[in-house]
Amino acid sequence: MLKMNESEIREALLISQQQGTLVEVYNFADNDTFNVGFVLATDQTFTLILTLDWDAKLNGITAIRLSSIHAVRSQTDYLTTVSFKSQVAQEHDYFDLWGLQAYLANQDYQNHPILLTLVKDAYDHHLPVVIGTNKYKGRDDFEGVIADFEGIKINLHYYNEHDLSSLWEYEILLAKIDYLRMRGSQAATTAKVFQDVFHQTV
């Protein structure tokens, strides 16, 4: 796949946002893994995507660091197929299981730093998040709750699905976060694990 420069990436994201079209956002080393969704906003450092899952239903919002993106594609055959899947999901009432459209109708991400806004929202309301860092480059997701937020770094309490003996801690500089996901199935699963395994309310 042809690697795009940051100017080309920004232009592709802006066009998608203006036209309300689906895009594929490639920010992982493996080109077989990418995000699909609608662009909600882009600031100096991050873009915010309303993401779709494999069934083409809405599944959370994802902030992706622009410098980690190496390509953005639109009008592909795969996206055409996704759009048909989305139509089916809407016709059968499972397109927006998490109520994201109603939630986003009352949010303004255009005039605020995207990552900081999401981190503050998650911390203030004790919401589950999924975080990927530049250290692991998509090889691992950290699913948990922000226990402490000090402006330039967070302390994430997360669980390891292969070892539920205890919660784990990871101190992460905001500058090291490649992507952050909220308000989808992973977040709901995290809340369930925290409540039923670790007896913590999320």
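Start by selecting Thr 42: its bridge partner is Thr 47 in β3. This is a predicted model, in which local features need pLDDT of at least 70 and side-chain atom pairs count only at pLDDT 80 or more, while totals for chains, interfaces and linings use all residues. Residues are numbered from 1 along each chain as its sequence is written, and side-chain values use heavy atoms, with hydrogens and water left out.

**Stop 1: the strands around β3**

Colour β2 (35-42) and β3 (46-52). Helices (H or I, at least four residues) and strands (E, at least two) are DSSP runs, numbered from the N terminus. The two strands run antiparallel and are joined by 5 bridges; strands count as paired if DSSP finds at least two bridges between them. Together β2 and β3 form a hairpin with 3 residues between them.

Now click on Phe 38, whose bridge partner in β3 is Leu 50. Phe 38 also stands opposite Leu 22.

**Stop 2**

Show the side chains of β3. How many of its residues are buried? The count is 7 of 7, where buried means under 20% relative accessible area, exposed means over 50%, and partly exposed lies in between (1.4 Å probe, protein chains only). One side carries Phe 46, Leu 48, Leu 50 and Leu 52, and the other carries Thr 47, Ile 49 and Thr 51.

Zoom in on Ile 49, which has a relative accessible area of 0%. Leaving out residues up to four places away in sequence, Ile 49 touches Val 25, Gly 37, Phe 38, Val 39, Leu 40, Gly 60, Ile 61, Thr 62 and Ile 64; contact here means heavy atoms within 4.5 Å.

One of those contacts, Val 39, is also touched by Ser 16, along with Thr 21 and Val 23, again not counting residues up to four places away in sequence. Ser 16 lies in helix α1 (residues 6-19) and is buried, at 3% relative accessible area.

**Stop 3: the nonpolar cores**

Move to Ile 61. Beyond its neighbours within four places in sequence, Ile 61 is in contact with residues including Leu 40, Ile 49, Tyr 103, Leu 118, Leu 180 and Met 182. Ile 61, Leu 118 and Ile 154 have the most contacts inside the largest nonpolar core, which has 39 residues. Such a core is a set of buried Ala, Val, Leu, Ile, Met, Phe, Trp, Tyr and Cys residues joined through side-chain atoms within 4.5 Å. Helix α4 (residues 114-125) gives the largest share of this core, 5 residues. Apart from it lies another core of 16 residues, among them Phe 28, Leu 66, Val 72 and Tyr 179. In soluble globular proteins, nonpolar side chains tend to be buried together.

**Stop 4: two positive phi angles**

Most residues other than glycine have a negative phi. Select Ala 56, in the hairpin of β3 and β4 with its 5 residues between the strands: Ala 56 takes a positive phi near 65°. Then select Gln 75, which has a positive phi of about 55° and sits in the loop between β5 (71-73) and α2. Which is buried and which is exposed? Ala 56 is buried, at 1% relative accessibility, whereas Gln 75 is exposed, at 75%.

**Stop 5: the pockets**

Finish with a surface view. A pocket is an open set of points on a 1 Å grid over the protein atoms alone, where a 1.4 Å probe fits, with protein on both sides within 12 Å along at least five of seven lines; lining residues have an atom within 4 Å of a point. The largest pocket has a volume of about 620 Å³, volume being the space filled by probe spheres set on the points, which are joined across faces, edges and corners. Of its 28 lining residues, Phe 34, Asn 35, Leu 52, Trp 54 and Arg 181 lie nearest its centre.

The second largest pocket has a volume of about 180 Å³. Its lining includes Asp 140, Phe 142, Tyr 158, His 162 and Gln 186, and β8 gives the largest share, 3 residues.
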